[in-house]
Amino acid sequence: MLSLPLAFHHNPRPLISGSLDGLRVVCSCNEDQYASPAEERRDTGSRPTQLNAMAGRRILIVEDEYLIAVELADHFKSVGATTVGPVANLKCALEIVKGDGWLDGAVLDIDLDGDEVYSVAEALRERQVPFVFATGYDRGSISMAFADVPCCEKPVDPEVIARTLLGCR
């Protein structure tokens with residue numbers, strides 16, 4: 001088996017890994033995703049417009065499907081947001097959410113390789129971080145505890161997810 005590391009910003013900490021027909025892909029992201037509480041956000045003092053509403057925001061992406069994760073991350077970066085992750089498993093997602101870094105929002109896939117993401121959703125709710133589900137599940141199969149959370153069904157449109165996330169505030 002050939003193993004080719006693919007790293008976002010050269011960080012050795014794997015966040016997404018998978019294999020397909022003997023090809024293994026491991027993706028990582030930069031240590032700057034773990035901001036200290038002392039870090040301050042830039043405040044331009046101007047009211048956000050639809051074009052810059054995501055600028056400067058830190059968005060956690062929890063998604064185990066590589067292409068969807070990269071598409072979401074690319075979209076958020078293109079509108080000025082900083083992406084945290086993407087992360088593909090519960091353990092990493094919970095470490096980030098329970099860490100000291102700030103988050104302005106999150107996009108959660110409900111099924112992470114057979115594990116449900118509700119513990120991450122609950123931790124986000126405790127921190128009062130808005131989030132949306134991006135999932136292949138229909139609304140009726142989502143836990144009643146999260147019936148109030150916006151849900152975007154796959155296939156996802158990153159722009160719709162961003163607009164939905166902004167509406168969570």
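User: In which strand is P86 found?

Analyst: P86 is found in strand 5, which covers residues 82-87, where helices (H or I, at least four residues) and strands (E, at least two) are DSSP runs numbered from the N terminus. This is a predicted model, in which local features need pLDDT of at least 70, side-chain atom pairs count only at pLDDT 80 or more, and totals for chains, interfaces and linings use all residues. Residues are numbered from 1 along each chain as its sequence is written, and side-chain values use heavy atoms, with hydrogens and water left out.

User: What is the omega of the peptide bond from G85 to P86?

Analyst: As a general idea, most peptide bonds are trans, and most residues other than glycine have a negative phi. The bond from G85 to P86 is cis, with omega near 15°. The bond from K154 to P155 is also cis, with omega near 5°, and P155 sits in the loop between strand 10 (151-153) and helix 4 (158-167).

User: Where does D113 lie, and is D113 buried or exposed?

Analyst: Buried means under 20% relative accessible area, exposed means over 50%, and partly exposed lies in between, using a 1.4 Å probe and protein chains only. D113 lies in the loop between strand 7 (111-112) and strand 8 (115-116), is exposed at 70%, and has a positive phi near 50° although it is not a glycine. Q128, in the loop between helix 3 (118-126) and strand 9 (131-135), likewise has a positive phi, of about 60°, and is exposed at 72% relative accessibility.

User: How many disulfides does the count come to?

Analyst: A disulfide is a covalent bond between the sulfur atoms of two cysteines, counted here when a pair of cysteine sulfur atoms is within 2.5 Å. By this rule the count comes to 0. The sulfur of C151 has its closest cysteine sulfur in C152, and because that is 6.7 Å away, it is too far for a bond. C151 is partly exposed at 22% relative accessible area, whereas C152 is buried at 10%.

User: Which residues of helix 2 are buried?

Analyst: An α-helix has 3.6 residues a turn, so residues three or four places apart point the same way. In helix 2 (residues 90-97), the buried residues are L90, C92, A93, I96 and V97. Seen down the axis of helix 2, these buried residues fall within an arc of 165°, so they line one face of the helix; the arc is that of the directions from the helix axis to the C-beta atoms.
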